[in-house]
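Colleague: I have just opened this one and would like a tour before I go further. Could you walk me through it?

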Amino acid sequence: MHFEYNVEGGDFTNAGTTSSVVKKMMKQLGVDMGIVKRTVVALYEAEVNIVAHAYRGVIYVDLEEDHVCIKLVDEGPGIPDIAKAMQKGYSTASPQVREMGFGAGMGLPNMQSNADKLNVTSEVGKGTTVEIINYF
Amino acid sequence: MEYIHHALKFKYDLCIGCSHCTSVCPVCAIHVEDGHPILDPNRCIDCGMCYQTCPMNAIYIEQDDFETIYNFKCPVILIPSIFSAQFPEKVSQRAILSAIYHLGFKYVYEVEKSVDVLKEVINERIQEPHDGPIISTFCPAIVRLIQVKFPSLVSNLLLTKPPLDMTATYIRKVLVERGNAPEDIGIFYVAPCAAKIAAVKSPVGEDKSIVDGVINMNYLYNKVFRVIKQGLYTLREDEFDFHPISKNSLYWSLTGGEIRDVPVGRNLAIDEVHNVSDFLEKLENEDIDDIDFLELRACDESCAGGILCAGNRFLIAEREKKRAEQHTNDITPEENNLLNFKEYLRENMTVGEVQPRSMDKLDDNVAIAMRKMKKVFEITNDLPKVDCRICGYQTCKALAEAVVNDKADLRQCVFVQRILEQTDKLTPQEALKITKQVWGETKLDKNSIKTLDLS
């Protein structure tokens with residue numbers, strides 16, 4: 001089953017809507033709750049990234065019998081060095097941002113640990129694509 | 001399928017088939033067939049929203065026969081502290097206690113007596129590492145809500161017996177020590193809501209309940225108030241707090257009362273079942289960090305809003321608060337004898353794992369569930385989404401799910417009927433027959449309208 005959801009950059013009030021819908025569907029399928037939890041954590045993180053950093057994005061969800069594939073495509077500033085961004089604790093956030101507990105450099109590593117497969121591609125100035133696959 | 005006991009029952013002879021119960025159910029557990037509500041026992045959490053909304057009082061809450069108290073040589077009544085807050089303020093605690101004794105009880109205890117032990121356990125648990133918040137199991141409707149709707153949070157539930165069971169364990173122990181034969185002791189619990197009754201009759205995570213009978217709180221209220229009004233009782237010398245409970249314990253039946261006793265960590269109190277659902281939904285999305293303890297209650301104003309309370313929840317809460325403010329009892333073994341049995345109670349307070357029983361799952365087989373889910377989406381898209389309930393279900397989506405599970409006919413939808421009639425796929429007579437299967441014969445009887453001239 002295929003679904004698409006639009007995400008607006010800067011719309012924090014609605015961040016998490018897609019994770020909530022995907023969670024509901026996975027529950028209906030009777031997918032193991034641990035896998036549901038992992039998927040929701042990874043997706044939520046990715047969704048909030050679009051809201052926080054990009055202008056807009058589309059989330060494509062493909063739900064199959066044995067796996068879920070979620071592709072988040074955004075139009076935004078992009079990530080200059082993905083390898084670095086995947087490292088735990090690496091962050092481009094200013095000290096001011098970090099003081100508040102944001103930008104701890106755990107976003108992508110957290111996604112990684114909650115996804116069976118994670119692909120991140122990016123073009124600076126254009127946008128980022130994140131693909132999360134979890135098997136049931 | 002395990003047997004799940006529910007305390008809420010429908011009286012079809014009083015029911016007018018208005019379906020208000022269907023519309024308010026927070027877990028979509030009621031639909032209408034043949035003019036009457038049908039309850040899905042796997043979904044119902046015994047919150048009692050249907051009971052509160054029913055305009056005909058056609059939903060009742062079962063209780064044990066009051067007369068059974070006389071089968072015991074030593075009948076004990078276990079009342080929630082909120083009980084005395086039902087009465088007008090001029091009725092003294094002593095009068096209430098005396099009237100209860102007048103009814104034939106030998107001992108009167110308040111449920112929250114064991115809170116002093118329970119709160120110790122919560123405060124210890126909260127200091128230990130925990131994955132996500134620890135969720136209180138004080139409200140049994142919340143335990144059931146989590147089981148059916150938020151199965152991933154089942155592991156967050158605090159696995160200890162509720163105060164009721166612990167206090168009953170204590171009573172049995174202490175009365176046997178005082179020389180009563182175990183078979184002579186009959187403990188009767190006064191329930192402020194349906195969920196507590198259901199929990200007593202089929203406790204989650206336990207084999208058997210410790211109390212011998214259940215009395216509905218509004219039933220006892222009426223009985224006691226009559227004794228008071230008629231002046232039948234002899235005022236006893238001992239205070240109502242013959243077996244005193246501590247000041248803080250009195251707050252436990254009110255919203256925020258539990259977290260008052262958990263001074264460390266980040267703790268939150270939420271009442272009313274929809275508020276709780278919204279919050280748990282967010283919590284499941286990992287939207288909320290660093291919460292240590294959650295006090296969740298299904299009723300607005302917690303137990304003061306229990307469906308078996310006699311009176312306005314805000315007035316009840318006010319009286320309970322006043323009593324607590326004036327209360328001075330300390331938490332010492334001299335003041336609360338139960339604390340002398342602390343070790344014994346702590347050894348016996350753990351309950352077994354609570355099992356999730358998801359109501360959302362469409363099928364045990366993922367492939368079949370997938371096919372069903374696709375079908376539900378397709379059907380829901382075809383439906384008008386006005387959630388009018390004329391099909392007998394709470395929402396268009398609920399009808400779609402019932403259709404997919406072969407429990408309903410898509411032609412129960414009035415919109416679908418009108419669409420099919422336009423292309424002669426359904427005759428008005430057939431449509432009428434289908435609708436009558438949902439609403440019964442009388443509501444659609446051609447002679448039932450008296451105010452319109454149809455001649």
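This is a predicted model: local features need pLDDT of at least 70, side-chain atom pairs count only at pLDDT 80 or more; totals for chains, interfaces and linings use all residues.

Colleague: Which strands form the open sheet with E5(B), and in what order?

Modeller: Four strands of chain B make up this open sheet, in the order E6-E5-E8-E9, and their pairing is parallel. Strand E6 (107–110) and strand E9 (213–216) of chain B stand at the edges with a single partner strand each, so each has one side without a neighbour in the sheet. On average, and with direction ignored, neighbouring strands of this sheet are turned by 25° against each other.

Colleague: How many bridges join E5(B) to E6(B), and how many join E5(B) to E8(B)?

Modeller: Strand E5 (residues 74–79) of chain B is joined to E6(B) by four bridges, while five bridges join E5(B) to E8(B), and both pairs run parallel. Towards E6(B), the bridge partner of B:Leu78 is B:Tyr109, and that of B:Ile79 is B:Glu110. Towards E8(B), B:Cys74 stands opposite B:Ile185.

Colleague: And what does the chain pass through from E5(B) to E6(B)?

Modeller: The chain crosses from E5(B) through helix H3(B) to reach E6(B), and this β-α-β crossover is right-handed.

Colleague: Which residues of H3(B) are buried, and what do they pack against?

Modeller: In helix H3 (residues 93–102) of chain B, the buried residues are B:Ala95, B:Ile96, B:Leu97, B:Ser98, B:Ala99 and B:Ile100. The buried residues of this helix pack against E5, E6 and H8 of chain B. Just after H3(B) comes B:Gly104, which takes a positive phi of about 120°.

Colleague: Which residues have a positive phi although they are not glycines?

Modeller: One of them is B:Asn57, with a positive phi of about 50°, and it is found in the loop between helix H2 (49–53) and strand E4 (59–61) of chain B. Another is B:Asp406, whose positive phi is about 60°, in the loop between helix H15 (396–404) and helix H16 (414–422) of chain B.

Colleague: Are those two buried or exposed?

Modeller: B:Asn57 is exposed, because 10 other C-beta atoms lie within 10 Å and a residue counts as exposed at 12 or fewer. B:Asp406 is exposed as well, with 7 other C-beta atoms within 10 Å.

Colleague: Switching topic, which strands form the open sheet of three in chain B?

Modeller: That open sheet has the order E7-E11-E10 in chain B, again with parallel pairing. Strand E7 (134–135) and strand E10 (267–271) of chain B are at its edges, and each has a single partner strand, so one side of each is left without a neighbour in the sheet. Between E10(B) and strand E11 (residues 293–297) of chain B there are five bridges in the parallel sense, and one of the pairs sets B:Asp271 against B:Arg297 in E11(B).

Colleague: Zooming out, what domains does chain B have?

Modeller: The domain assignment of chain B gives domain 1 (1–60), domain 2 (66–347) and domain 3 (361–440). Taken over C-alpha atoms, the centres of domain 1 and domain 3 of chain B are 21 Å apart. Their contact takes eleven residues from domain 1 of chain B and nine residues from domain 3 of chain B.

Colleague: Which elements supply the domain 1 side of that contact?

Modeller: Helix H1 (20–24) and strand E2 (30–33) of chain B are the elements that give two or more residues to the side of domain 1 touching domain 3, and E2(B) gives the most, with three residues. By class, this side of domain 1 of chain B has three nonpolar, six polar and two charged residues.

Colleague: Last one: how many residues of chain A are in contact with chain B?

Modeller: 19 residues of chain A are in contact with 19 residues of chain B. On the chain A side, helix H1 (17–29) and helix H2 (33–53) of chain A each supply at least two residues, and the largest share, seven residues, comes from H1(A). By class, the side of chain A that touches chain B has ten nonpolar, five polar and four charged residues.

Notes: Residues are numbered from 1 along each chain as its sequence is written. Chains are lettered from A and ligands numbered from 1 in the order in which they are written. Domain bounds come from an automatic or database domain assignment. Two residues are in contact if their C-beta atoms, placed from the backbone, lie within 7 Å. Ala, Val, Leu, Ile, Met, Phe, Trp, Tyr, Cys and Pro count as nonpolar, Asp, Glu, Lys and Arg as charged, and the others, Gly among them, as polar. Two strands pair if DSSP finds at least two bridges between them. Axes are lines fitted to C-alpha atoms, for helices over the stretch in contact, and angles run from 0 to 180 degrees between N-to-C directions. A residue is buried if 20 or more other C-beta atoms lie within 10 Å of its own, exposed if 12 or fewer, and partly exposed in between; C-beta atoms are placed from the backbone. A crossover is right-handed if, with the strands pointing away from the viewer, the path from the first strand over the helix to the second runs clockwise.
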